[in-house]
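Work through the exercises below with the sequence and the model at hand. Each task is followed by a worked solution.

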Amino acid sequence: MGLRRLGRLGLLSIATGLVLVAATGCSDDGGDDDGAAITTTTTAEETTTTTPPPGEGPTPQPTLRDAVVLLLTAEQDADPAASYRLLGEELRGVYRDVAEWTVRRTQLPPPTGFEIEDGDEEDTVTAIVTHAPGLDPFIGLSPARERQTFAGVEEGGGWLVAAEAEVEILFPDDALATTAVTDWATAVQACEQDAADAIQGIDAIFGTSVGAGELCGSEGAVIAEAPERLLGGPESADLIAQYSTDAIDWARAVPVTGPTSPFFVIVAPIGETWSVIGVYD
Amino acid sequence: MRTRRLLATGVALSLAGLGVAAAPGTTPAGASSHREAPLIAADPVADNTDVYMFRDVNDPTMVNVVANFIGLEQPAAGPNFQKFGDDVLYELHFDNDGDVIDDVTYQFRFRTIVGSGATFLYNTFTIDPETRDNQNVQQVYSVRKIEDGVSTVLATDVPTPPVNVGPRSTPDYNDYVEPTVADLPGGGQVFAGQRDDSFFVDLGSVFDLLGLRPINSAHVAPLPDAPGVDGLAGKNVHSIVLQVPITEISKNGDVPTDATDPDSVVGLYASSSRQRVRVLSARGTAPRNLGQYVQVSRLGIPLVNEVLIPLGQKDKWNGTAPKDDAQFFGSILDPEPTRLLPVVYPAVFNDANTPDGGAANRPDLIQLLTGQVIGLSAADALPPADLLRLNLAVAPVQGTPSNSMGALDADPGGFPNGRRLTDDVTDIELRVLAGELLDDDGTIDGTAIPYAALSDGVQVNDRPELAGFPYVGDPVSGYDQPATG
């Protein structure tokens, strides 16, 4: 590993290296598009569109619907290089190469399936997208189902996706939140922690509550009321720090009254029901 | 060797320029990357101060990575002691195929748990090392790995140890470490928490017009020669320490054995990111964070952003991925510290013995950025980028004060082949920037002065490192914080 007396080969490497970096910086295939495919449960309809070859620029499709089908299929396959080729110029301005697009993908729940909804508009497509439900501090909420609305743009003689999808979470019935909290509070009152844990969406729930803390071993009916929107006050500060302000949109607060001082239970829509993730007085 | 432009402007003018860049009291202090850029200096919990990567001497199948945050952390920081940011995404990015794009990424998110909001106390009595009983403010974290587009949560709710409060609260502090080391699926382990800052540098002198106390008398504003003073002595950081099997991060999933094979080299940088939008509340409640995560700090090779990237580019640098580093090569390959040497030490350096800037004149820096100084041939050079690169086929070498100069003393196990906690990167880079690698005889041309004389005079950390994982030394306690002034 001689460090001194750099010779002609060293100088040659300068040019080589600089060219390589310039190429990397401008690349639109990112070079990391050989990711292994994962098993998916797609509900995509049959399509006649052609999968874009790897390593190329935008591949406009005959319709926006075709572009969205290909994009979501690529997302299911954990293939951001393929989905990147369905992006229009404006979105490519935001994510300048596959690497940047890939980073953004890791901040979102990966689709496990999708179904395109019928629609009449040429430049807008909606799809019901499914995910493996969950809640973690890296992605936040992975809703079981959400409606994604894609705007399209005509470029290069075909259609591409113009912007990131607008997302509408498809929530479980609010009544199920009351049921979940009733079951959880009943388990806590019976000091059956395992049963309570089974209704929790995370191992260590957020917040503290005198009322909830005194519930174990108490006597008398526990009443969970209809869920309310979670407020943006101290009761949600830890939740926001962990899951971003998105938590205000998807979390609910269920008032609980009974043998102890009143308190609230925070629930999250994990899967097709609601799960307990926090308490506060 | 160098252009006359700087000298032609005259020493006084040049010093005026220096005043803008480094006048004491007008710019933030910095170390390896402590408070190195304007924006991140105001955001210490996201400020990545140092990153280290080295093969494990106790288990050569493992690689250790240390990423430090919260630079210049005062041990006596109660009642609200420092902690990781609950709203910060911390990441370690590995590139194993040389394209300067993530192949394996480890992410860390923290969460603070307050036992009781009805007291101001961090802890209510002596904290139990095993159960953390009496620790009112605790922090846990989760770890996620991303590879080939697939994310896997490796660990959740891993506890961090309490900060080192003092002998009443956290006696025998090392007892708090082992219970918070967590094994990872697939091998390896992880730790996160307060540690001593392993970095050592004469912060006070270096940023006082590039002063080196041992050669103070040669400075254009001379002072008596003096031993170096470790400006980070008695200061803590918060460390994320990850140990992973080499097979988890190497390109071919093996333990490489051919040091000349580019597949044996892995590149690393650490980063922190915040959500794009933060909305403050007028009612004293917590801020709201919105939008995707954007990078606010990064670090690979030590001191690059600190002393090579100009002030006007530093924040941009922190927000840029290494794949886009080409835009900064003008600054890196024409290092400002090199240009300042003849100004600050005119009795030693002049335009004849100071390297010119530019790619053609600094092949040594190109070699540093392309992996050629860690075993690769010119033909196999990797794209230049600010990645801390480690040749996984090179056997680990225990870092000690006696081999702290790493590759400059022909030690293949030290910086820039990765970076050990004991490597004296300040002196190494100072000598390299001055042109030692371009010279043949080890002395500054036209003088009898060896490049080794270029030193801040601090060659060892003030506190010992640990012999085993997590390796970084125990933090200074608040009670024992050295008096200042």
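**Exercise 1.** Which backbone oxygen does the side chain of Asn353(B) reach, and at what distance?

*Solution.* The model is a predicted one.
- Step 1: locate the residue. Asn353(B) lies in the loop that connects α9 and α10 of chain B.
- Step 2: follow its side chain to the backbone. The side chain of Asn353(B) reaches the backbone oxygen of Asp445(B), at 3.0 Å.
- Step 3: look for a side-chain partner. Asn353(B) and Thr354(B) are joined through their side chains by a polar contact of 3.3 Å.

**Exercise 2.** Decide whether Asn353(B) is buried or exposed.

*Solution.* 
- Step 1: take the relative accessible area of Asn353(B), which is 2%.
- Step 2: apply the cut-off, by which a residue under 20% is buried.
- Step 3: conclude. Asn353(B) counts as buried because its relative accessible area is 2%.

**Exercise 3.** Determine how many residues of helix α11 of chain B are buried, and identify what covers them.

*Solution.* 
- Step 1: set the limits of the helix. α11 of chain B spans residues 425-434.
- Step 2: count. Ten of its ten residues are buried, and the helix is mostly covered. Among them are the charged-type names Asp427(B), Glu429(B) and Arg431(B), along with Val425(B), Ile428(B) and Leu430(B).
- Step 3: find the cover. The elements over the buried residues of α11(B) include α6 (304-308), α9 (336-344) and α10 of chain B.
- Step 4: inspect what comes after the helix. Gly435(B) follows α11(B) and has a positive phi, near 110°.

**Exercise 4.** Describe the interface of chain B and chain A by its contacts, its buried area and its salt bridges.

*Solution.* 
- Step 1: count residues. On chain B 61 residues are in contact with 52 residues of chain A.
- Step 2: take the area. About 4700 Å² is buried between the two chains, and carbon and sulfur atoms give 59% of this.
- Step 3: list the charged pairs. The count is three salt bridges between chain B and chain A. One of them pairs the side chains of Asp324(B) and Arg96(A), at 3.1 Å from N to O.
- Step 4: assign the chain B side to elements. β4 (104-114), β5 (137-147), β6 (150-159), β11 (288-299) and α10 (363-370) of chain B each supply at least two residues. β4(B) gives the most, with seven residues.
- Step 5: sort the residues on that side by type. They divide into 30 nonpolar, 13 polar and 18 charged.

Technical notes:
Residues numbered from 1 in each chain as written. Chains lettered and ligands numbered in written order. Predicted model: local features only at pLDDT ≥ 70, side-chain atom pairs only at ≥ 80, totals over all residues. Heavy atoms only, no water. Contact = heavy atoms within 4.5 Å. Buried area = accessible area lost by both parts, 1.4 Å probe. Salt bridge = Lys/Arg side-chain N within 4 Å of Asp/Glu carboxyl O. Helix = DSSP H or I, 4+ residues; strand = E, 2+ residues; numbered from the N terminus. Buried < 20%, exposed > 50% of the residue type's maximum accessible area, 1.4 Å probe, protein only. Polar contact = N/O pair within 3.5 Å; in protein donor to acceptor, adjacent residues only side chain to side chain.
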